[in-house]
Amino acid sequence: MEFGDDLMPGSDAHRRKKRYHRHTPRQIQQLEAMFKECPHPDENQRMHLSRELSLEPRQIKFWFQNRRTQMKAQHERADNCFLRAENDKIRCENIAMREALKNVICPTCGGPHSGADDYFDEHKLRMENAHLKEELDRVSSLTSKYLGRPITQLPSMHQPLSMSSLELSVGGLGSPVSALGPSLDLDPFSGGSSSSSFHLPASVSEMERPMMAEMATRAMDELIRLAQAGEHLWAKAAGAREVLNVDTYDSVFAKPGSSAFRGPDVHVEGSRGSCLVLTGAVGLVDVFMDSSKWTEFFPTIVSTARTVDVLVNGMAGRSESLVLMYEELHVMTPVVPTRELCFLRYCRQIEQGLWAIADVSVDLQSDTRYGAPPPRARRLPSGCLIADMSNGYSKVTWVEHVETEDKVPINMLYRDLVASGAAFGAHRWLAALQRACERHACLVTPPLGRDIAVAGVTAEGRRSMMRLSQRMVGSFCASLSASQLHRWTTLSGPGAGSDDAAGVRVMVHRSTDPGQPSGVVLSAATSIWLPVSCERVFAFVRDENTRSQWDVLSHGNPVQEVSRIPNGSHPGNSISLLRGLNASQNSMLILQESCADTTGSLVVYAPIDLPAANVVMSGEDPSAIPLLPSGFTIVPDGRGSAGSVVTVAFQILVSSLPSSRLNAESVATVNSLISTTVEQIKAALNCGSSH
């Protein structure tokens, strides 16, 4: 039966036509409140609820019948869990008795106990195990019946952990890569690929849906209060950011029966900000409620996102919609683990031109399929208010409230940035939103007074080039994810483990996705600290006139800009086609996109051949053009100084055969390439070899 079904099985209406009616979260909240007070309302009470909630009396009656059935099932499920725990307890006691009997001494002769009459002989143990298995199967069957889905079995404790995606061993010994030799045999294929299977959390059962709806409604109310609260809840921080006063929040939003105690490893991040963006409110709501658009809009923050379940499909998929989503957030570096979040997203139109999007994490069964779980993160009631403005803009007020438990220490380079809350705070989300909206506006309508540098490029060609570049940036950002699906291996070498460098990290995978070269791809990245500002590093690496100073593959030859498309208000936000002034490189061009905001910057590039460039310029579909992007990410160091943290990343097609194996020469080549690039950037920026 669907959530909110108002037709009882067996009725005439049910036999004629099976109709479904989904209650709104607010209706469910009031029905749940009434159910807690009176599970069996009389006719007068049902009539009162009917008028108050705009529902028919028979809908009220059937809802309470279904809710009582669910409550009974919940009680039986609790009893089953108790029986299962008792079975586990008995089994542990049996094991303890078995171990104790091994050391029993005969009181008569003082010798070891004879096993002739031992209760725990092999035959009796088999009988006992069979009995326990039957009892466990019975309890599991009953539980799955009321849960609506089978119980997920825990992984075997004896199952070996999967190896790293890149085996760095010589002759079976765990020697570091610095000892590369001709006998090195690297096998990158322990199941990883560019399109690895993605396991989502389980869908929400029918019994869990009312609880989820009530949770989303409470989160919406709390979000609106947080967004409109004054200085008693929010304090000014560096960079004009607003941070949450956690102590005041705990006292104002104290949950009945809950404790505000947090463990020593638990860290609370709360921030708020607002800005104007060049997109209408309805367009933004569509982006928020669609996980694919959500990832496309925020590739620098969201490495992946999926819609797990649609609990309520509201009007046109917007107002009163409630979905369960899963996402992974990253800082675009292999040295900072991603944050995995499974949360409810609830959309409500408060009034004409004013929308609210509320998020709140839900606690589902922990997923240990990849070994050790990632650092724990929970999104407390967060989200944004979106107000339509009369000039085509929208005012967005963003509240980000997360509770994390980082059991793995953050790398020294990014520790201050993450600890300050700036890495995943509201300020970064808003800066990325502004940049994405400006880029989308340029895709639809080119900015006035900023023409493309080459005549003859049509509007269709400009849009085709922007779509290709958007795919390039998204692919590059996703390749830097440090999730459990991306197994990075640190190479030994200069700078590894120091305070101003993280060492070179490599990852290898099969590339089978459309739009990427097919074969074996080797990714390499390193993060370094530079004593210069983000703006200076960004201007240096994006400028075609200084490219020969760091681009090892240009061999010192100058580079010329063939065309340029502005895609934002920042003068550095643009898409360019570059050509090397070298006779051997006349058949290749470089597609480059650079973008910057107040939280950092990005420069991404990929080589494309002349036929592919002609396809783009003619306005044809660029989705089949293969790209293998490399580039730079630049963020402040979070220490309040003028320093910056730069991640340099390369992707190299090692072989066009997906079944081929990686050799030591390829690893050594990419290690040398990335190390040389870093040294040349330091020399050009006068950083010195000590940094």
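**Reading the model**

Tutor: Of the 691 residues of the protein, 47% count as buried; buried means under 20% relative accessible area, exposed over 50%, and partly exposed in between, with a 1.4 Å probe and protein chains only. This is a predicted model, in which local features need pLDDT of at least 70 and side-chain atom pairs count only at pLDDT 80 or more, while totals for chains, interfaces and linings use all residues. Residues are numbered from 1 along each chain as its sequence is written, and side-chain values use heavy atoms, with hydrogens and water left out.

Student: How many helices and strands does the protein have?

Tutor: Helices (H or I, at least four residues) and strands (E, at least two) are DSSP runs, numbered from the N terminus. The protein has 15 helices and 21 strands.

Student: What share of the contacts with a separation of 6 or more comes from residues 24 or more positions apart?

Tutor: Contact means heavy atoms within 4.5 Å. In the protein, residues 24 or more positions apart supply 66% of the contacts with a separation of 6 or more.

Student: At what angle do the axes of helix H2 and helix H6 cross?

Tutor: Axes are lines fitted to C-alpha atoms, for helices over the stretch in contact, and angles run from 0 to 180 degrees between N-to-C directions. Helix H2 (residues 25-37) and helix H6 (residues 208-228) have axes that come within 9 Å and cross at roughly 110°. H2 is therefore roughly perpendicular to H6, given that angles under 35 degrees count as roughly parallel, over 145 as roughly antiparallel, 65 to 115 as roughly perpendicular and the rest as oblique.

Student: Is the crossing of H2 and H6 left-handed or right-handed, and which residues make the contact?

Tutor: A crossing is left-handed if the near helix is turned anticlockwise from the far one by less than a right angle, and right-handed if clockwise. H2 and H6 cross in the left-handed sense. H2 contributes Pro 25, Arg 26, Ile 28, Gln 29, Glu 32 and Lys 36, and H6 contributes Pro 210, Ala 213, Glu 214, Thr 217 and Arg 218. By class, there are four nonpolar, two polar and five charged residues in this contact; Ala, Val, Leu, Ile, Met, Phe, Trp, Tyr, Cys and Pro count as nonpolar, Asp, Glu, Lys and Arg as charged, and the others, Gly among them, as polar.

Student: How does H2 pack with helix H4?

Tutor: H2 and helix H4 (residues 57-101) pack at an angle of about 65°, and their axes are 11 Å apart. The crossing of H2 with H4 is right-handed. On the H2 side the contact involves Leu 31, Glu 32, Met 34 and Phe 35, and on the H4 side Ile 60, Trp 63, Phe 64, Arg 67, Arg 68 and Met 71. Seven nonpolar, no polar and three charged residues form the contact of H2 with H4.

Student: Are Ser 54 and Glu 320 buried or exposed?

Tutor: Ser 54 counts as exposed because its relative accessibility is 67%. Glu 320 has a relative accessible area of 8%, so this residue is buried.

Student: Which side chain makes a polar contact with that of Thr 599?

Tutor: A polar contact is a pair of N or O atoms within 3.5 Å; within protein, one must be able to donate a hydrogen and the other to accept it, and residues adjacent in sequence count only if both atoms are side-chain atoms. Thr 599 lies in the loop between strand E17 (588-597) and strand E18 (600-609), and its side chain pairs with that of Asp 597 at 2.7 Å. Asp 597 belongs to strand E17. Beyond four places in sequence, Asp 597 touches Ala 431, Ala 432 and Arg 435.

Student: How far apart are His 427 and Thr 599?

Tutor: His 427 and Thr 599 are 172 residues apart in sequence and 7.8 Å apart in space, C-alpha to C-alpha. His 427 is in helix H11 (residues 426-444) and counts as partly exposed because its relative accessibility is 35%.
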